[in-house]
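User: I am new to this structure and would like to go through its main features. Please take me through them one question at a time.

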Amino acid sequence: MQSLALIENWPVPTAAAAVVRADGTVAGTRGPTGRQFALASVTKPLAAYAALVAYEEGAIELDEPAGPDGATVRHLLAHTSGLAFDEHQVAAAPGTRRLYSNAGFEVLGEHIAKATEIPFADYLRQAVLEPLGMSSTFLDGGASPAKDGVSTVDDLVRFAAEVQRPRLLDPRTVAEAMSVAWPGLKGVLPGYGHQNPNDWGLGFEIRDGKSPHWTGSSSSPRAFGHFGQAGTFLWVDPDAGAACVALTDRAFGPWAVEVWPTFTDAVLAEL
């Protein structure tokens with residue numbers, strides 16, 4: 001795909017990208033797709049998928065208590081538990097605001113570890129990474145399931161293929177995860193300001209009508225995914241029948257706000 005060549009003009013030391021169709025075929029790659037990059041918050045969709053495996057295995061229930069009083073596993077996944085961004089402090093009542101929370105995902109990891117009697121990093125590896133052949137993806141023991149993952153484009157292509165055509169989960173579970181949880185809640189999308197509504201599914205941000213946004217102007221409202229402060233993103237656009245992964249080694253900033261939407265629009269146009 002010629003559109004992927006746009007990453008060569010990004011103001012970053014290193015970038016790699018790939019597009020994978022819903023049938024699992026790779027439409028194109030660019031850059032060192034086998035190189036490991038820090039994922040930052042692109043770790044969250046991996047952690048969320050592990051949580052959904054734990055749910056299907058019967059280790060947890062989505063609506064069982066977890067985190068602050070009145071909150072559940074579902075609240076933690078959807079950033080509506082009321083926990084603050086990076087502190088284990090309650091800033092709102094559960095289900096009332098979309099408070100993007102690293103702390104919430106850390107509490108989620110602890111909850112799953114207790115329920116399964118397996119450290120969360122090990123559970124993630126056993127439940128998601130090994131079955132998908134993601135041998136270059138790691139979350140060290142004790143690291144944050146919100147932001148400390150390391151992976152490659154090649155591995156995230158496998159994950160993006162799985163999300164589009166699930167094998168590890170019932171497709172109905174994945175469809176629920178990609179649907180808006182607690183519709184209509186306002187909140188801040190990190191790096192892009194206040195959004196009304198600020199829609200999320202279970203561990204995945206949903207595009208809807210957000211503006212500004214890190215995806216493209218031609219992205220479907222049904223598109224979902226995540227970006228990270230390490231200059232990384234993964235989106236899936238069901239209407240386009242494809243997903244895109246881009247990893248860099250430069251922190252997110254104005255450069256990404258400028259180049260990512262143009263890149264995504266070029267990819268979608270070529271698809």
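User: How many bridges join strand β8 to strand β9?

Analyst: This is a predicted model. In it, β8 covers residues 224-228 and β9 covers residues 232-237. The two strands run antiparallel, and the number of bridges joining them is five.

User: Which residue in β9 is the bridge partner of phenylalanine 224?

Analyst: Phenylalanine 224 belongs to β8, which spans residues 224-228. Its bridge partner in β9 is valine 236.

User: Which strands stand at the edges of the open sheet of six strands?

Analyst: The sheet has the order β2-β1-β10-β9-β8-β7, with antiparallel pairing. A strand at the edge has a single partner strand, so one side of it is left without a neighbour in the sheet. The strands in that position are β2 (26-30) and β7 (205-206).

User: At about what angle to β9 does helix α7 run?

Analyst: Two helices may be described together here. Helix α5 (residues 153-164) lies across β1, β2, β8, β9 and β10, running at about 25° to β1. Helix α7 (residues 254-270) lies across β1, β8, β9 and β10, and its angle to β9 is about 30°.

User: Is serine 144 buried or exposed?

Analyst: Serine 144 is found in the loop between α4 (120-129) and β4 (149-151). Buried means under 20% relative accessible area. Serine 144 has 7% relative accessibility, so it counts as buried.

User: With which side chain does the side chain of serine 144 make a polar contact?

Analyst: Serine 144 touches Thr43, Glu106 and Leu139, not counting residues up to four places away in sequence. A polar atom of its side chain also lies 3.0 Å from the backbone nitrogen of alanine 146. The side-chain polar contact, at 2.8 Å, is with glutamate 106.

User: What is the radius of gyration of the chain?

Analyst: The chain has seven helices and ten strands. The globule rule gives 18 Å for 271 residues, and the value for this chain is close to that, so it is as compact as a globular protein of that length. The radius of gyration is 17 Å.

Note on methods: Residues are numbered from 1 along each chain as its sequence is written. This is a predicted model: local features need pLDDT of at least 70, side-chain atom pairs count only at pLDDT 80 or more; totals for chains, interfaces and linings use all residues. Side-chain values use heavy atoms; hydrogens and water are left out. Two strands pair if DSSP finds at least two bridges between them. Helices (H or I, at least four residues) and strands (E, at least two) are DSSP runs, numbered from the N terminus. Contact means heavy atoms within 4.5 Å. Axes are lines fitted to C-alpha atoms, for helices over the stretch in contact, and angles run from 0 to 180 degrees between N-to-C directions. Buried means under 20% relative accessible area, exposed over 50%, partly exposed in between (1.4 Å probe, protein chains only). A polar contact is a pair of N or O atoms within 3.5 Å; within protein, one must be able to donate a hydrogen and the other to accept it, and residues adjacent in sequence count only if both atoms are side-chain atoms. The radius of gyration is taken over C-alpha atoms; the globule rule is 2.2 Å times the number of residues to the power 0.38.
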